[in-house]
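Hi,

Here is the structure I promised you.

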Amino acid sequence: CGGAVEYLCRNSLYIFLSLIIETYICEDPKIDNETQEPLKCTNHTAYVACLPAPNITCKDFNGSETQFTGTEIGFYKPVECRNVNGYSYKVAVALSLFLGWLGADRFYLGYPALGLLKFCTVGFCGIGSLIDFILISMQIVGPSDGSSYIIDYYGARLTRLSITNETFRKPQVYP
């Protein structure tokens, strides 16, 4: 076996498998209807079963070989999932659009002080309501508890990118 590295969890024993991507197929994650995240999500990770192609033989750390027939689970691939606590993106945007001038969006997201301030100032004379609508629509303002919005699993969700010390940077070549 050679190629991409994946985690193997077979009979409660963790083993590394090194398989070329085309030599296995993974199931789609089962999605929870309430949270719109993969089932059994713990520590922002869920696992999906993957089946190696027929006649693939792999060795584990102990040196024992396993030949797969294409019908048994060979390993479980980690799938990223988010922490959600019941705040719907659609509800937040609708409240911001229609009742933002009353502060309903901020009350819903768990910011009662800002909600009360918007209520007393009629959404900062409309300007604050417009700004909040843009910030909530762009998913910049989220629930106060730090969780993510519930968004359809295959829907439009924002993925934040960041540069860390582990980020690969391609050197610039100047002509």
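This is a predicted model: local features need pLDDT of at least 70, side-chain atom pairs count only at pLDDT 80 or more; totals for chains, interfaces and linings use all residues.

A word on naming: helices (H or I, at least four residues) and strands (E, at least two) are DSSP runs, numbered from the N terminus. Phe-124 sits in helix α4 (residues 122-125). Its phi is near 55°, a positive value in a residue other than glycine.

Residues are numbered from 1 along each chain as its sequence is written, and side-chain values use heavy atoms, without hydrogens and water.

His-44 also has a positive phi, about 65°, though it is not a glycine. You'll find His-44 in the loop between β3 and β4, and at 47% relative accessibility it counts as partly exposed.

Now the sheet. Three strands make an open, antiparallel sheet, in the order β3-β4-β7; two strands pair if DSSP finds at least two bridges between them. β3 (24-26) and β7 (75-80) are at the edges with a single partner strand each, so one side of each has no neighbour in the sheet. β3 pairs with β4 (residues 45-52) over 3 bridges, and Cys-26 stands opposite Cys-50 in β4.

Cheers

Notes
Buried means under 20% relative accessible area, exposed over 50%, partly exposed in between (1.4 Å probe, protein chains only).
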